[in-house]
Amino acid sequence: SAYELLDALGTPTGPKALLVFGSNPVVSAPHAGHVTGRLAALDLLVVADVVLSETARRADVVFPVTQWAEEDGTMTSLEGRILLRQRAVDPPAGVRSDLDVLHGLAVRLGQPADRFPTDPVAVLDELGRASAGGPADYSGVTYERLRNGEALHWPVPGPDHPGTPRLFLDRFGHPDGRARFAAVDFAGHAEPVDADFPLHATTGRVLAHYQSGAQTRRIPELLAAEPDVFVEINPDTARRAGLADGGFAWVVSRRGRMRARVRCVPSMRWDVVFVPFHFAGDGRANLVTNPALDPTSRMPEFKTCAVRVEVAL
């Protein structure tokens, strides 16, 4: 899984080099201080991105790559609709697409050039051939159909198939058409609170920023709307910790600490604090989060960990 890969970087049996496309694990990964150390242990870190993110700043090599308005291609939404993207502006000189970077790497590693096309039309055609007959069948999706305005949702198993806007209307994806249910037991928090760490910390988003903030923190209007990381805390909890609204606090867990401005919110539970995860430096919420993984999905437990709060001068 993603965290297990990051945790293995630079170890005797783990990867020695990493190529990162448009991701910022220095800010976004749980136990971010540890992950930053694992990235530093690599022999080679290469980052391909549209901005110089916190992860890119630590890379040995940075490839500037095209953003969505600078390249043709398709993307598939969470509802399964295949959307056509058409270039609106030319990229700056020296900027390559992700496909160009992968093509160049493959050729340097000895692969035939035609095996890794850089034309998005050719890539979509290959995806159609590779997915034919599978659950997410793209074999009937073509640029011509998309350019003609057809709203295609996978699976699209043939050139005359209209697509599937709603899966499982009449049957589920099993041979007998019946659903499968599995009983799940509540497991509770991987890290319960105790006398040393009596508060639950949870992370989330704010309206002005997106993901690790690598792009939105570069936009003056968005940065003005939410310029700094903060910690929301019940006023009584803040008072017991010696904190004042507008002051600064350390949010401390067993893995690290982050510094944030105090925002007293009467509606907060007394035993919970909230921090947004869009900020960098010592304001990274993921310096404190727990990398405990769900046993099935292997997703980290971003949304709860045990912390305490302290006055930060």
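This is a predicted model: local features need pLDDT of at least 70, side-chain atom pairs count only at pLDDT 80 or more; totals for chains, interfaces and linings use all residues.
View 1. Strands of a sheet pair through backbone hydrogen bonds, either parallel or antiparallel.

**View 2. Strands β8 and β13 run antiparallel.** β8 covers residues 248-252, and β13 covers residues 305-311. Four bridges join the two strands. Val251 has Val309 of β13 as its bridge partner.

**View 3. The second largest pocket holds about 350 Å³ of space.** Its lining comprises 16 residues. Ala187, Gly188, Asp294, Pro295 and Glu301 lie nearest the centre of this pocket. Two strands, β11 (290-293) and β12 (300-301), each supply at least two residues of the lining. By class, the lining divides into nine nonpolar, four polar and three charged residues.

View 4. A disulfide is a covalent bond between the sulfur atoms of two cysteines. The cut-off used here is a pair of cysteine sulfur atoms within 2.5 Å. For Cys264, the nearest cysteine sulfur is that of Cys305, 20 Å away. The sulfur of Cys305 likewise has Cys264 as its closest cysteine partner, at 20 Å, so the separation is too far for a bond. Surroundings of the two residues are given next. Cys264 counts as partly exposed, at 23% relative accessibility. Cys305 is buried, with a relative accessible area of 1%.

Methods
Residues are numbered from 1 along each chain as its sequence is written. Side-chain values use heavy atoms; hydrogens and water are left out. Two strands pair if DSSP finds at least two bridges between them. On a 1 Å grid over the protein atoms alone, a cavity is a set of points where a 1.4 Å probe fits but cannot get out, and a pocket is an open set with protein on both sides within 12 Å along at least five of seven lines; lining residues have an atom within 4 Å of a point. Grid points are joined across faces, edges and corners, and a volume is the space filled by probe spheres set on the points. Ala, Val, Leu, Ile, Met, Phe, Trp, Tyr, Cys and Pro count as nonpolar, Asp, Glu, Lys and Arg as charged, and the others, Gly among them, as polar. Buried means under 20% relative accessible area, exposed over 50%, partly exposed in between (1.4 Å probe, protein chains only).
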